[in-house]
Structure formats: C-alpha cells, structure tokens
Amino acid sequence: MSTNPPDLRPDLAPKAKLHDPARPGQPSIGMVSLGCPKALVDSERILTRLRAEGYGVSPDYAGADAVIVNTCGFLDSAKAESLDAIGEALSENGRVIVTGCLGAEPDYITGAHPKVLAVTGPHQYEQVLDAVHAAVPPSPDPFVDLLPASGVSLTPRHFSYLKISEGCNHKCKFCIIPDMRGRLQSRPAHAVMREAEKLVDAGVKELLVISQDTSAYGVDIKHAEDRGHRAHITDLARDLGSLGAWVRLHYVYPYPHVRKLIPLMADGLVLPYLDIPFQHAHPDVLKRMARPAAASKTLDEIAAWRDICPDITLRSTFIVGYPGETEAEFQTLLDWMDEAQLDRVGCFQYENVDGARSNTLPDHVPAEVKQERWDRFMEKAQAISEAKLAVKVGSVIDVIVDEIDEDAATCRTKADAPEIDGNLFIDEGFEGLCVGDIVRVEVDEAGEYDLWGKLV
C-alpha cells in the first residue's frame, strides 16, 4: 500500500498490464509503453491488431520474439528515459522495434541504438505492423486465436482510456507535440460512441476521455453530425454519460464553451472533474508561452464552474522556471494558487526540448532557482491538498476499487484519476470487495494526498 508522491510526473500513463499468455508455438510480441495515456491507447491499438493476426502478447522479454518500445518525446528527460528503455530491451531481448513520439526523430534513436530493427513515428500503425511482420512472421491458428470484442487492454479491465482525437492546433512555444502528432484530427462521434459502448459492454466502469485538446474536439470537422451523434465535446460528454459508466474528462482547455459541460457534472452525467493545463498564472509568462489564456479571467471561470457544480474537482499542471520568469512572476503564480485553490496539481521544471521555440528565448532560469521554485510551488500545492482533503473527513462518498492486497483495498474517489491523483484506502472489512466494484465509503482519515475510509 503506497501513497501518492508529491513529485509524480503528470505526463505519465499507468504502467501497462499484460495478461495474455501465448499458446504453444505462437509468435509473441512484447510491449514497453512509455509516456502519456494517449500513447498507451496507441499501444493497445497496435497489440489489438497483432492479436487479430495471431500474435501472442508477452509480459516479459524472455517470452517475446520481438519487443515494441512505444516512446515518449515530451521532454528531454522523457527522451532519455525512452533511450534507456530501448537499450534495456536490446540488452534483454535483442530484437526491438521503436515507435511513438520519439520515432519522429529516427536519426536520434539510431544514433544511440543502431541495432534497432525499425523506427516508426507516432500513430503509424501500419508501419509498425509491417516491421513486426518482417521481424517475426505471423503464424495464426484460426481455431484458437480469437480476439476479444473489446480488443487488447493495457489497463485494468474496469477502466479504459478513450481517445477522441489526435494532434493539436495550439502553438505553445515550449511544446513540440503538434510537430510530432500533427494538427487536430477528431474522430467521428459515432465511432467514439461505438468504442465506448463496446468497452462498457465488456465491463468497463470508468471511461477516461483523452486527447491533446479535448475541448477543441470536432472543430476540424465542423462539429459534424452522423448517425445521431454530433462531434462537439458537450454533445459527446452527454452521450457518453448516458452509458452508465463514470466519464472523466482530461486535457480540457478553458474555452468559454467549457462552462456548458459543468451542468452535466452537476446532474451526474459526467464526473465533476476537470483536468485543465493552466501552465502558469502571470500574463507575461503566458504571453511568452504563447498560451491562449488570461489568469484573471480564468479565476472568474473557476468561480462560475464552482457556482454551478460546488463539488467539482479541478486538476492542472504548471511549469516553473520558464525562460524569463522573474521572482515577481513566480510569486504571482503562488498568489494565484491561493485564490484558485485547485484540488489536484502537477508541476514541471522547465526543460529545453529540441525543436521548441522557447529554447531561443532570453534569460533562462538557472537550475538551482528552478528547483527552489518547484519546491515552494509543491509545498503550496501540498498544503492546499491537505486542507481540502481534511474537509472530507466524515463525509460518505462513492469510490471505485482499483486493487486489493492483504493489507487494504486501494480505491479512487470521483476526484481522482488513475495514478496521477490520490487514493482512498480501505484497510478493514474489505475482504468481500472485488476490483472494479463501486461502493459507498465513510471517510475517517485524511493525509496530504490520500484518504482512508470504511465501508458504509
């Protein structure tokens, strides 16, 4: 039983869970999935296609005929982590295919690891399959290689990520995601709903809606309506809410039309939870970032959301030490945090990323100053979290069970996304629970990021 650490990187997906043993003689592929939930969905799609062709999925290097490493290129530290993962896969298995965001820089990968079999870019499913076919020819058995209707899932069976679009139309100076994944490409709403319905029919209790810019969903296809579903985030959220599962919205930019989502939360159709990447609060820093937000108006929006849905949980991520950030600008961020009182907060120290326009900005902040500001920011965020959780003691809330061991049942409230937020632990009387159960709990203890409770 472990509590949520305060320095958890907010760009990471839950670790992939492989639970699909191969039949004797079946060619098997291993998967190392790094980076954000959007990359995890790409990994699931690749493995689903491979399973349909008769491949097994190996949970370890030794049992795999080849290994796919789905990489992250979000930050230089993430690139280094990806190179380390490729190196480990080469050392342990020797036959490695690389894909994902870092695959957009093939020379960078092959310069460090020339023995990789192939390098493909993000969401290039066909090229990945071609590389697997070349390395490990398929050998399907049509009598036993049956693909589950829900496809291959790399998360526990009771929750699933639902990707509604690719790419992004923003031009934030610190980010190269649009260069790697392209401009916004929304999926048709009826296709999203069909996938969601299959997931819920297969037992999924929580749908985590993800994209690079969820609130812009459908803009590129002019909010097209087809087969009774309209490609607009408000309509999609309402449709998803009709399926009976928890629906959690991630990566929502605070556009004015986001306010129309809040009544859906107040009515219980969508979880009262918004994951919004504010990044900073000082208007000059936001301008240098090329961010489309104004901090003063954001506070007004937050107040309006809370008026409509008092129970709403707000999660965000921030960057400290952005080029040119002064002590006064950073203090503005701390003061803004006091006013905003966000429930869940993640924070990065600014890093240069190859190709980002922010690299050329003047007045880069020294590493020791970035660390000192990060420490102060997280101290502030932790104090706010601790105070907000303390208020929950004595309340009765719904939780979803994620894991059970001999010590406790690890659960999440409606205010907590998997692995990036906190947990609620039930350490007495939990023996009859099952993973995926949604139960009522009375909160009897609170910490800095986590809660403890007992079954009602």
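Two strands count as paired if DSSP finds at least two bridges between them. Keep that in mind for this predicted model, starting at strand β1, residues 28-33.

β1 and strand β2 (residues 56-58) run parallel and are joined by three bridges. Look for Gly30, and you'll find Ser58 of β2 standing opposite. To get from β1 to β2, the chain passes through helix α1 (residues 37-52), and this β-α-β crossover is right-handed. β1 also pairs with strand β3 (residues 66-71), again in the parallel sense, over five bridges. There, Ser33 sits opposite Asn70.

How many of the six residues of β1 are buried? Six of six, as it turns out. Both faces are covered: Ser28, Gly30 and Val32 lie on one side, with Ile29, Met31 and Ser33 on the other.

Now skip along to the closed barrel, where five strands run in the order β16-β17-β18-β20-β19 with mixed pairing. Neighbouring strands in this sheet are turned by 50° against each other on average, ignoring direction. Zoom in on β19 (residues 438-446) and β20 (residues 451-455), and you'll see an antiparallel pair with five bridges.

Finally, the cysteines. A disulfide needs two cysteine sulfur atoms within 2.5 Å, and the count by that rule is zero. Take Cys172: the closest cysteine sulfur belongs to Cys175, but at 6.2 Å that is too far for a bond. Cys172 is buried, with a relative accessible area of 8%, and Cys347 is buried too, at 9%.

Note on methods. Residues numbered from 1 in each chain as written. Predicted model: local features only at pLDDT ≥ 70, side-chain atom pairs only at ≥ 80, totals over all residues. Heavy atoms only, no water. Buried < 20%, exposed > 50% of the residue type's maximum accessible area, 1.4 Å probe, protein only. Helix = DSSP H or I, 4+ residues; strand = E, 2+ residues; numbered from the N terminus. Axes fitted to C-alpha atoms, helices over the stretch in contact; angles between N-to-C directions. Right-handed = clockwise from strand over helix to strand, strands pointing away.
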